Protein chains: 2
Amino acid sequence: MIGVVAKLNILDGKQEEFEQVAKDLMAKVKANEPGCLTYQLYKSKKDANGYIFMEQYANQEALEAHGKTDYFRAAGAKMGGCLAGAPDVQVYDIVE
Amino acid sequence: MIGVVAKLNILDGKQEEFEQVAKDLMAKVKANEPGCLTYQLYKSKKDANGYIFMEQYANQEALEAHGKTDYFRAAGAKMGGCLAGAPDVQVYDIVE
């Protein structure tokens, strides 16, 4: 299993727009990607601009397939205008 | 739902000891905490010292109960000797 934590810093005033795009993306991932086991947006309790996507994939292939979907690319383009900086995407291997 | 990402930097040579303590902790959390929906150790793909616990809780009470268990406190004490620095624990609210 592969874990991903993508940290996003959202511009002031863009949080609601960002959340709407993210919610639509989460629904599409859930509907289309059986190899994506977790794909959940969270917002920081102490930073009004801080968000993460918490993600778990069955394997590397599922992670790569996710990145190639049309809806992921479209959402990424929409989110771009909400970001205060480049996303920090960290990828992990499961320990079990 | 509450999300937690706890980043841990492990001393060189202590990774195996740390992973053993973490695996035992994961088993105890799974067996005893129905309000803890995800509690998974991951290791960084690019940093041999970098680990995270990826965690999801049904609510704030479940998170607080987790921190008060005897086995969490015992594991924390054992992990302490493996850490190269203070853990970075970030807490999030779900967006749904």
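How many salt bridges are there between chain B and chain A? The count is 2. A salt bridge here is a side-chain nitrogen of Lys or Arg within 4 Å of a carboxyl oxygen of Asp or Glu. One of them joins K45(B) to D93(A). Their closest N and O atoms lie 2.9 Å apart.

The model is predicted: local features need pLDDT of at least 70, side-chain atom pairs count only at pLDDT 80 or more, and totals for chains, interfaces and linings use all residues. Residues are numbered from 1 along each chain as its sequence is written, chains are lettered from A and ligands numbered from 1 in the order in which they are written, and side-chain values use heavy atoms, with hydrogens and water left out.

The interface was examined next. In it, 30 residues of chain B are in contact with 30 residues of chain A, contact meaning heavy atoms within 4.5 Å. About 2500 Å² is buried between the two chains. Carbon and sulfur atoms give 62% of this area. Buried area is the accessible area (1.4 Å probe) that two parts lose on being put together, summed over both. On the side of chain B, Y42(B), K45(B) and V95(B) lose the most area to chain A. Together they make up 28% of what that side buries.

Within chain A, helices were compared in pairs. Helices (H or I, at least four residues) are DSSP runs, numbered from the N terminus. Their axes are lines fitted to C-alpha atoms over the stretch in contact, and angles run from 0 to 180 degrees between N-to-C directions. Helix α1 (residues 15-32) of chain A packs against α3(A) at about 170°, with the axes 10 Å apart. The pair is therefore roughly antiparallel, the term for angles over 145 degrees. Their contact has 9 nonpolar, 1 polar and 2 charged residues. Ala, Val, Leu, Ile, Met, Phe, Trp, Tyr, Cys and Pro count as nonpolar, Asp, Glu, Lys and Arg as charged, and the others, Gly among them, as polar. L25(A) in α1(A) and F72(A) in α3(A) are among the residues involved.

Methods: Helix = DSSP H or I, 4+ residues; strand = E, 2+ residues; numbered from the N terminus. Parallel < 35°, antiparallel > 145°, perpendicular 65-115°, else oblique.
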